[in-house]
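Here is a friendly note to read beside the model. Please keep the sequence and the 3D view open as you go through the numbered points.

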Amino acid sequence: MSKMTTGHVTGKKVGASQQVKTKGIAAGTVILTLDGALPVDFLSPGDRIITREGMRVLRKVSVHRYSGPAIRVAEGALGHDRPEQALVLPEDTMILIRDWRAEALFGKAQALVPMSRLADGEFIAPTDVLSMRLYDLQFDTPQIVYAEGLELACDAVEATEATRIAAE
């Protein structure tokens, strides 16, 4: 679809003093909206976004830079062409999984987990980014949005105890 959603990627560790908040979706990541699939960069307040709960109006978009630990996800790494293209996400980006992984790894039909918990070192691999632009999408209530075929949490989703797996 579009180019890889990453900033400058390096194998070197980034110091804690250089890290900023990790909440958000990387520039270039395609989000499902009622106007079609659009890069997150093009979204603005008032846009109608398709979420797990149906259509929701986007209330606010915050943009910031991130440097630090991340996860590189290969195209199709989560099956059925998910994600639709290779992308890089901050390691604590929360993703909703609803396939065999949820049952095998967490003993539940679905689980909201940080991307780092799914790392296998090959198709979903840890990396570091020197500079990545992140877009924090905010709605009236916490939501799960569809991004490149993945279900990503926005607004620090407060999941029920049955679906939330703590990042330890």
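1. Of the 168 residues in the chain, 44% count as buried. Buried means under 20% relative accessible area, exposed means over 50%, and partly exposed is in between (1.4 Å probe, protein chains only). The chain exposes about 8500 Å², and carbon and sulfur atoms supply 50% of that area. Accessible areas come from the Shrake-Rupley method with a 1.4 Å probe; for residues, only the protein chains shown count as cover.

2. A word on what you are looking at. This is a predicted model, in which local features need pLDDT of at least 70 and side-chain atom pairs count only at pLDDT 80 or more, while totals for chains, interfaces and linings use all residues. Residues are numbered from 1 along each chain as its sequence is written, and side-chain values use heavy atoms, with hydrogens and water left out.

3. Now trace the chain. Its secondary structure comes to one helix and 13 strands, where helices (H or I, at least four residues) and strands (E, at least two) are DSSP runs numbered from the N terminus. Starting at the N terminus, the order is β-β-β-β-β-β-β-β-β-α-β-β-β-β. Contact means heavy atoms within 4.5 Å. Among contacts between residues at least 6 apart in sequence, 62% join residues at least 24 apart.

4. Leu89 in β8 is the bridge partner of Ile71. Which residues of β8 point one way, and which the other? Leu87 and Leu89 point one way, Val88 and Pro90 point the other way, and all are buried.

5. Next, look at Asp136 in strand β11 (residues 124–138). Is Asp136 buried or exposed? Asp136 counts as buried because its relative accessibility is 3%. Its side chain makes a polar contact of 3.1 Å with the side chain of Gln138. A polar contact is a pair of N or O atoms within 3.5 Å; within protein, one must be able to donate a hydrogen and the other to accept it, and residues adjacent in sequence count only if both atoms are side-chain atoms. Leaving aside neighbours within four places in sequence, Asp136 is in contact with Lys23, Gly24, Lys60, Val61 and Ser62.

6. Asp47 sits in the loop between β4 (36–39) and β5 (48–51). Asp47 is buried yet has no salt bridge, and the nearest side chain of opposite charge, Arg48, is 7.2 Å away. Here Lys and Arg count as positive and Asp and Glu as negative, while His and the chain ends are not counted. A salt bridge is a side-chain nitrogen of Lys or Arg within 4 Å of a carboxyl oxygen of Asp or Glu. A polar atom of the Asp47 side chain does lie 2.8 Å from the backbone nitrogen of Ser44. Beyond neighbours within four places in sequence, the contacts of Asp47 are Phe42, Arg56, Val57 and Leu58.

7. How many salt bridges does the rule give? The count comes to seven. One of them joins Asp140 and Arg59, with the closest N and O atoms 3.0 Å apart. Asp140 lies in the loop between β11 and β12 (143–147) and Arg59 in the loop between β6 (54–57) and β7 (60–73), so the pair ties together parts that are 81 residues apart in sequence. Asp140 is exposed, at 59% relative accessible area, whereas Arg59 is partly exposed, at 45%.

8. Arg101 is buried, with a relative accessible area of 12%. Asp99 is partly exposed at 21%, and Arg82 is also partly exposed at 21%. Separately, salt bridges that share partners join Arg52, Arg98 and Glu151 into one network.

9. Finish with Glu148, in the loop between β12 and β13 (150–154). Glu148 counts as buried because its relative accessibility is 1%. Glu148 and Val30 are 118 residues apart in sequence and 5.5 Å apart in space, C-alpha to C-alpha. A polar atom of the Glu148 side chain lies 2.9 Å from the backbone nitrogen of Val30.

Key
Pairing = 2+ DSSP bridges.
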